[in-house]
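Me: Please take a close look at one part of this model, the salt bridges, and go through the pairs one by one.

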Amino acid sequence: MNTFKNKDGKSILLAMVKAIQENKDYLAEVDGLIGDGDHGMNMNKGFTVFETRFKDKEFSFTEGLWELGNILFSEIGGSMGPIYGTILMDMSDAGEELEEIGVNNLADMLEAGLNGLQEIVEAKVGDKTLVDTLSPAVDALKKGADDHQDFQSALENMKQEAAKGRDSTKNLVAKFGRSSRLGERSRGVLDAGATSCCIILTSMADAIIELLK
C-alpha cells in the first residue's frame with residue numbers, strides 16, 4: 001500500500017511514546033553534556049501523560065498528534081515543550097481533513113510543523129537544534145513525493161536523512177538555548193533536541209511502515 005488510513009494512526013502515536021520512554025535516560029545523558037540534563041525527563045513526562053490519558057481511547061493519527069502536541073505545549077515546561085507542541089499541532093492542522101495519508105501528505109504535514117516552529121524560533125540548519133534533524137527529513141519526504149517513490153522507500157530515506165542531520169550537530173556550535181552560552185565548548189556533542197527529533201521521526205516512520213504492510 002502507498003497510503004495508510006488516518007483513523008488507523010493510534011499505533012503510530014503509541015510507538016512514538018514507547019521510543020521516547022525507552023530513550024529517556026539516553027536523552028538525559030546527551031542533554032547533560034552541554035545542557036541542564038532534563039530533556040529526557042521532560043519528554044518522557046509529556047509522552048507518558050499522553051499515553052495514560054489516551055491509550056484506552058480511539059483516535060486518529062492527526063487527533064493523536066494534536067493531543068500529544070497540546071500536552072507538550074502546555075504541561076511539560078521548559079523550552080522544548082512549546083517547540084514540540086507547535087510542531088505536532090501544526091502537523092495535525094495540516095492533515096486533519098485527510099482520510100488517507102500518503103508520502104506527499106506526510107511531507108506537507110511535516111513541513112507545516114517545521115514552518116510553525118520557524119515562526120516562533122529563528123533557528124535554521126547549522127544552528128545545532130532539532131531543525132538540523134527535521135529540515136532534512138522534510139526535504140527527503142518531499143523529494144520522495146516528487147520522484148513518485150513508494151511510501152516505504154521515502155520513509156527509509158527520511159530516517160537516513162534525519163540521522164545524518166542529528167549526527168551533523170556534533171560538530172556544530174550551539175546558537176540557541178542554554179548550550180549557546182558555551183560557545184566553542186558546545187562543539188563535539190550531539191544536540192539533545194536533534195537527537196529526540198530523530199527518535200520521534202524514526203519511530204513514526206517505522207510504525208507507518210508496519211501499517212503499510
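Reply: Glu-111 has a relative accessible area of 27% in this predicted model, so this residue counts as partly exposed. Its side chain forms a salt bridge with that of Lys-142, at 3.1 Å from N to O. The two residues belong to distant parts of the chain, Glu-111 to helix 6 and Lys-142 to helix 7, 31 residues apart. Salt bridges with shared partners make one network of Asp-108, Glu-111 and Lys-142.

Asp-108 is partly exposed, at a relative accessible area of 41%. Lys-142 is partly exposed as well, with a value of 27%.

Glu-100 pairs with Lys-5, and the closest N and O atoms are 2.8 Å apart. Because Glu-100 sits in strand 2 (residues 100–102) and Lys-5 in strand 1 (residues 3–5), the pair ties together parts that are 95 residues apart in sequence. Glu-100 has a relative accessible area of 34% and is partly exposed. Lys-5 is also partly exposed, at 36% relative accessibility.

These pairs are among the twelve salt bridges that the structure holds. As background, side chains of opposite charge can pair when their charged atoms come close.

Methods. Residues are numbered from 1 along each chain as its sequence is written. This is a predicted model: local features need pLDDT of at least 70, side-chain atom pairs count only at pLDDT 80 or more; totals for chains, interfaces and linings use all residues. Side-chain values use heavy atoms; hydrogens and water are left out. A salt bridge is a side-chain nitrogen of Lys or Arg within 4 Å of a carboxyl oxygen of Asp or Glu. Helices (H or I, at least four residues) and strands (E, at least two) are DSSP runs, numbered from the N terminus. Buried means under 20% relative accessible area, exposed over 50%, partly exposed in between (1.4 Å probe, protein chains only).
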